[in-house]
Structure formats: C-alpha cells, structure tokens
Amino acid sequence: MISYVIGINQSINQDSLIDLSFCKHINRQTSFGGILRIRLSPTLSINNAGIEDADIFHGSSNGGVSHKLFEYYSNNGMYGSFSPSSSDPEVFFTGACDVTNTLAFQVEISSRSQSIDEYAYVEGASMSDVRLIPAVQICFAYTSVVMNNGNWTTVRRIRVSTHKLVTDSNAEAVTSSLNAEALAVILFHRFYALSLLHDVSLINSFARNWLLSTLVECYRSAEKEYEISTKYGSERFNHSNSFHPADRLLNVKGGQLGKMDVLLAQGHEKLQVVPLLIFCILQCDALRPSQGSFRPSIDARIASAANMGNMSPSVFSRCVAPRLELWNSGKDVNEPIQRSMGMSLDDIRFSVIDASGLQEEGIGTGTSGKNLTTAFHRRQESPSIPKPMLLLLDSPREIAVYDCGVFTGMEMETKTEQEEISDALRKAVQEAAVSYRVSPFGGSSAHPDGASIPINRFEETCLHLGDALVEDSSLSDQTYVEWLTLIAEVLHGELTGTE
C-alpha cells in the first residue's frame, strides 16, 4: 500500500519552510486584552457548582481518592483560557486569543420555580404580561492590531452577539437538535474534571454510566412518542422526519437494525454517534488509564488536557475521531464518494469493496488479495473498470491520502500518482490543514498551493492510520465491540427488568 503524505518536501529550503510557518501564525487575527461578559435570561445562570453533581455520573459516591485540583480546572463555571473577575461573576478576562480558541460553560435553571419561562409586565403591550424569551448575550471587548494608512496601529473593538435559546420539555425534540461536536467538548471537560476529583481509572465507569442514562432516556422517549403516534394516528415523529419506531424499539417489528443496535440508539439520527464518541474521548492521553506499555507522565497528561480543552469543537472531534473520506482517483473528481466511514480497518475494506463494485464478482469479506486481483483481471476488457480509490485521513497529527488499491489488488503506479489526485482533493487537504492552530505533519505551511504531494511508502506511515482507527483499539483490555456489548447487556436488563 502507498500513502501520499501531505508533508515536508525535501526540496524546500528549511529556512523558507520556517518562514512560511511563522508567517502563517503571525497573519492570523489575534485579540489582546480581552474582556468577556456573558448575560443570561433571569431564569438562567452559569453552572459554577463544580462537580457537586458527580453522583449523576457514577450513581453513588465511592471510596476513590478525592483531590482538590478540580477546583482550579474551571473558573466560575467557565472552561477555557479565561480568568474570572473578582467582583462580577459574569465577567472574564483573557490575555490573547484567536479563532482556534474555545471556551465552554453549562447553563442551569436558577429560578425558584425551576421553570425556564418568566413573564414581565410591559406597559403599553396588548397583554399585561409578556413572556421573556430565554437567551444568552455575549459581549467581547478586545484590542486588535490593524493596518491604517500603511502603518500598524492598535484599536479597541467590541462585539455583541445575542442568541435565542430554543427550549423543549420533550426529550426527542432536545436530542433531535443535538450538536455532537459541541457535546464532545462538554463531555471532555466534565470527564477530565472528574478525573481530577477522583482518579483517572474511574473515568471509564463514569462515562459508561452517563451513556447508559442517556440511552435509557432515549429509549423511554421513543416509547412515549410511539404511544402518542399510535393513539392519534401520527405515523412519524413531529420533531424529525427520521423517527422510525421499528429501529428505536425492541417490540416493534419491521426494523432494519438488530437488537443491539436498537438499544444503542443507532436508529436515532443524532444520538447514533454518541457511543463511539464516548469511546473515542476515553482513548485520549488525558483520560486513558495507565496500563501495559502506556505509562504517560503527569506532564503528558496535563499537556494533552490543555491542548484538547482549548480546541474548537470541529478540531476536537477530529482529534478524538479523525475524519476519513473515500475518494475516487482522477482529475475530474469533484467530491468524495463517501464522507463518513467506520473507524475500523474492516469498515474501510468493506466500503472500498462496495464502492469498487467487487460485490458483482462475488467478492465477499473473506476474499483474499489474490482473488481480488483475479477479479479485476477478469474485467480488464471492460471500458468501465474502476480507478483506484483514495482514502483521506484528516487528524491533528497528520493529513494523508492513502492508496486503497491494497484492498482490491489494483494499486497505482508511481508515475501516475500525482496525476490521479484531483484538484478537489488537494483543496480538501489544504482546507483541513489551515483549520488547525498548528498545521499537522504535512500541513499547508509546507505546501501552501497544494501543487506537490510528497510520497512515502505505506510502511512508513501505516501506524498513523492504525492510531486513527479507534474501533480497532481497546480500552482496559476491552475492544470497542466488547465495550458496546457490555453496555447493551446492562441496558437490556434495565429496560426489561432482567439480568
């Protein structure tokens, strides 16, 4: 197998390479002396209670060692590189930040009635009381360096953004609007804070119980919606066009999913990614327990937590679950043939075989490379012989394009490699590279125009692809499938009342 690494071209002068990388970060717009104010509706407030509600994650207090480090992980409920004001709980300060920084906070209902709705008298209104719409307003004042009449100067700027918070008491409505990338950031902060409060070896249990409670609520919600739709004759859930009871409930026939997938919410358009998301987060250096050959130092764990806690949601999601896309080779290709792929080598192999049309030749999952090659040789006289396919790996560690011919016995020849990479794929690589604070190995700082893609043999970079395939990895001696099976068994017992 051959991989095309979007990496350092040895022909480029190293001094020029450093200059390119340096200029890229200097040219990024950066703010200095930032002051952030967050205002919420009267019934809402930032949850700054720390981890007092940690029992939600593990069911009961345990005898784990308690530490005080978690008290310093968040500032007045804020996660990120911001310092709180000593006089105003709504104000936070930052020395410098740019578009790659992120912050996170949780909102709680603070009204005495525990209701998010509040009404106020407005003089002259058609009604005496007007409902106050739940909202969050963010005000950010900062200093920026700009060019003015050919000279660099500093200016003070202010930005105000107001967002309406859409609320609902229906669990299906809430989960149907789930943003998985934002959820991943929040969960990481919660899990890491819990690791500081207790012990990193307990995070697996915390995460598993959080996932179980979420899946139970999802299943109960589907039961309620199915009951309502049956009673009133509605065939589909009114919050989403993808509600299919047979793929959400065990006792409804006609679904396309197995029992385990039903229990794990694989029939839910938004929640189906959550189990894999949790497993991926638990694989990071900050949360993964020390065992076997994995023995990171405390510095390595803190560095991992600091980097991940400051990532934007899109970058964070690619850090824990790298993006994999399947592309056709050829200059006239404008988009990938598959944008989402499973995080295992088998899933990649099945996708390649299916996309290349090998199923027509009777090639199954257990077919050897020799038979795959024979199948292609039988089709040599056909004018519609598929070209080799390419796999794009996009992660903070590396951006690379792999030749998928190893799965089909039809690898590219060296002389045609550059010719078979389309402009659309090159553009996708360059856009991925500039989306990171620091470009991964082979980032756009080395090849800003994307015109040349240095080539390394697969053997030199296959470990990077192996690291990205988290479903093939293990957690506390459990593979991803074993971990899911255990969760499904516990969930089945909870829902059916059996052990």
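**Stop 1: helix α7**

Start by selecting α7 and its buried residues: Val274, Pro275, Leu276, Leu277, Ile278, Phe279, Cys280 and Ile281. Buried here means under 20% relative accessible area, exposed means over 50%, and partly exposed is in between (1.4 Å probe, protein chains only). Helices (H or I, at least four residues) and strands (E, at least two) are DSSP runs, numbered from the N terminus. Since 8 of the 8 residues of α7 are buried, α7 is largely enclosed by the rest of the structure.

A word on ground rules before moving on. This is a predicted model, where local features need pLDDT of at least 70 and side-chain atom pairs count only at pLDDT 80 or more, while totals for chains, interfaces and linings use all residues. Residues are numbered from 1 along each chain as its sequence is written, and side-chain values use heavy atoms, with hydrogens and water left out.

**Stop 2: zoom out**

Color by secondary structure and you have 14 helices and 18 strands in the chain. Of the 499 residues, 43% are buried. Take contacts (heavy atoms within 4.5 Å) between residues at least 6 apart in sequence: 70% of them join residues at least 24 apart.

**Stop 3**

Now select 180-197, which is α4. Its 18 residues reach 25 Å from first C-alpha to last, close to the expected 26 Å; that expectation is 1.5 Å times one less than the number of residues. This helix is largely enclosed by the rest of the structure, because 14 of its 18 residues are buried. Which residue caps the N-terminal end of α4? Pick Asn179: one of its side-chain oxygens lies 3.1 Å from the backbone nitrogen of Glu181.

Stay here for the largest pocket, with a volume of about 2400 Å³. Its lining has 43 residues, and Val107, Val174, Leu178, Leu183 and Ile186 lie nearest the centre. Elements giving two or more residues to that lining are α2 (55-58), β7 (104-105), β8 (107-109), β11 (135-148), α3 (171-176), α4 and α5 (203-232). For the record, a pocket is an open set of points on a 1 Å grid over the protein atoms alone, where a 1.4 Å probe fits, with protein on both sides within 12 Å along at least five of seven lines; lining residues have an atom within 4 Å of a point.

**Stop 4: two positive phi angles**

Jump to Asn149, in the loop between β11 and β12 (151-164). Asn149 isn't a glycine, yet its phi is positive, about 55°. Then try Ala265, in the loop between α6 (259-263) and α7 (274-281), with a positive phi near 60°. Buried or exposed: what is Asn149? Asn149 counts as exposed, at 74% relative accessibility, whereas Ala265 is buried at 3%.

**Stop 5: a few polar side chains**

Select Thr162 in strand β12. Not counting residues up to four places away in sequence, Thr162 touches Val136 and Gln137. The side chains of Thr162 and Gln137 are joined by a polar contact of 3.1 Å; such a contact is a pair of N or O atoms within 3.5 Å, and within protein one must be able to donate a hydrogen and the other to accept it, with residues adjacent in sequence counting only if both atoms are side-chain atoms. Draw a distance from Thr162 to Leu40 too: they are 122 residues apart along the chain, with C-alpha atoms separated by 9.8 Å.

Next comes Ser31, in strand β2 (residues 30-40) and buried at 7% relative accessibility. Beyond its neighbours within four places in sequence, Ser31 is in contact with Gly95, Ala96, Cys97, Phe140, Tyr142 and Thr143.

Finish on Ser304 in helix α8 (residues 298-309), buried at 13% relative accessibility. The Ser304 side chain reaches the backbone nitrogen of Ala286 at 3.4 Å.

Methods. Grid points are joined across faces, edges and corners, and a volume is the space filled by probe spheres set on the points.
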